[in-house]
Amino acid sequence: NSPLLDVKDLKKHFPIRSGLLKRKTRFVKAVDGITFSIGEGETVGIVGESGCGKSTMGRTLLQLIEPTEGEVVFQGKNLVGLSTKEIREVRKDMQMVFQDPYSSLNPRLNVFEILSEPLTTHGIRDKQKRKEMISKILNVVGLNEGQMFRYPHEFSGGQRQRIGIARALILHPKLIVLDEPVSALDVSIQSQIINLLQDLQEEFGLTYIFISHDLSVVYQLCNKICVMYLGKIVEMGDVDTLYENPLHPYTKSLLSAVPIPDPFQKRERIILKGDVPNPAAPPPGCAFAPRCPEVMDICHQVRPTLQSCQGLQVACHLFQDESVSKHG
Ligand code: SF4
Ligand code: MG
């Protein structure tokens, strides 16, 4: 069974001019060689601090940003290099929900107009038909047709995110990329939206890519996790294995700060020094070395690659082939 989405060595490098003569172009490697796949009905969590390239990766998957290199194979078809028209077709099956329900909805359009947009783009011009579809989807996300001609400012944050979800859902996509869909919301509203997302997934057999810095929300929702650091995946695997026994020091530090129930609670809090380094000038070797509590000499020189270890994939010199026996 081939995966729904197969991402191969995906890169997005943004050029920046530097130096006095502005002759040399340097690159911010926001996404720097990401490979993973996702099966139908799965939810993959993409986690990491802000500035790790999570959002850029999400947008690159949907070709909202053109990748520099690599492949995004969706339903057996590589999306990289397709024409705008071909991409528009694909968007029926692949949608995105954005972090900020305040800025992702056009304040001058009412709900009917906002939800009409994807429909007319895909050839559904009949107004009565659109009204029917919109009232149906509003009910699905917990709103109602009486709210169809209201404007975004008349809704609460949670309701606006429901509108954003309705917009993503209205063409019945297979895959939805959710970029921090609840981070801008109050905690009480967050769980309502998470529950809604879970119900929708079950009802429509959706596949999710869930981008988040909140590891307890990710634990609730995802069955697979990719941990990103400075444009690369440093660890990935199924959620239970990874949360129970994380290997990468970065994952360990992220998880040590998460209030999730036993048996994980007894972990000691690991506080990292400093911030994510400037992605235009990443350190040589392991990009996490300047902050790593377990750093070794080799880490400053050699970049570790993803390797299988204890049921996970991990990029760290503590777990490279030759050292597996020592630490595994
Ligand atoms: Fe830490 Fe070295 Fe592993 Fe990087 S490779 S995470 S610096 S131990
Ligand atoms: Mg982001």
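Two residues are in contact if their C-beta atoms, placed from the backbone, lie within 7 Å. The model is a predicted one.

1. Cover of helix H5. With that cut-off, what covers the buried residues of H5 includes strand E6 (94-97), helix H3 (111-121), helix H4 (127-140), E7 and H6. Of the 13 residues of H5, 10 are buried, so the helix is largely enclosed by the rest of the structure. The buried residues are Arg160, Gln161, Arg162, Ile163, Gly164, Ile165, Ala166, Arg167, Ala168 and Leu169.

2. Length of helix H5. H5 spans residues 157-169 and reaches 18 Å from its first C-alpha to its last. That is close to the 18 Å expected at 1.5 Å a residue.

3. Nonpolar core. In soluble globular proteins, nonpolar side chains tend to be buried together. The largest nonpolar core here has 84 residues. Those with the most contacts inside this core are Ala166, Ile176, Ile209, Cys226, Val227 and Tyr229. Ala166 is also one of the buried residues of H5.

4. Tyrosine 229. Which residues does tyrosine 229 contact, leaving aside its neighbours within four places in sequence? They are Gly48, Cys52, Val234, Tyr250, Ala287 and Phe288.

5. Strands E9, E10 and E12. Strand E9 (residues 224-229) runs antiparallel to E10, and 6 bridges join the two. Isoleucine 225 stands opposite glycine 237 in E10. E10 also pairs with E12, in the antiparallel sense, over 2 bridges; there, glutamate 235 stands opposite valine 314 in E12. Of the 7 residues of strand E10 (residues 232-238), 6 are buried, so the strand is largely enclosed by the rest of the structure.

6. Positive phi values. Most residues other than glycine have a negative phi.
   - Leucine 230 takes a positive phi near 50 degrees in the hairpin of E9 and E10, which has 2 residues between the strands.
   - Glutamate 180 has a positive phi near 45 degrees. Glutamate 180 is found in the loop between strand E7 (175-179) and helix H6 (187-204).
   - Glutamine 310 has a positive phi near 45 degrees. Glutamine 310 is found in the loop between strand E11 (307-309) and strand E12 (312-314).

7. Surroundings of two of these residues. Is glutamate 180 buried or exposed? Glutamate 180 has 21 other C-beta atoms within 10 Å, and it counts as buried because the cut-off is 20 or more. Glutamine 310 has 13 other C-beta atoms within 10 Å and is partly exposed.

8. Glutamine 75. This residue lies in the loop between strand E4 (69-74) and strand E5 (77-78). Glutamine 75 is partly exposed, with 16 other C-beta atoms within 10 Å. Not counting residues up to four places away in sequence, glutamine 75 touches Leu4 and Asp93. Glutamine 75 and proline 3 are 72 residues apart in sequence, yet their C-alpha atoms are 7.5 Å apart in space.

9. Ligand 1. There are 14 residues around ligand 1, and Cys286, Ala289, Cys292, Cys299 and Cys316 come nearest. By class, the shell around ligand 1 has 11 nonpolar, 2 polar and 1 charged residues.

Technical notes:
Residues numbered from 1 in each chain as written. Chains lettered and ligands numbered in written order. Predicted model: local features only at pLDDT ≥ 70, side-chain atom pairs only at ≥ 80, totals over all residues. Near = placed C-beta within 6 Å. Nonpolar A, V, L, I, M, F, W, Y, C, P; charged D, E, K, R; others polar. Helix = DSSP H or I, 4+ residues; strand = E, 2+ residues; numbered from the N terminus. Buried ≥ 20, exposed ≤ 12 C-beta atoms within 10 Å, placed from the backbone. Expected span 1.5 Å × (residues − 1). Core = buried A, V, L, I, M, F, W, Y, C linked by C-beta atoms within 7 Å. Pairing = 2+ DSSP bridges.
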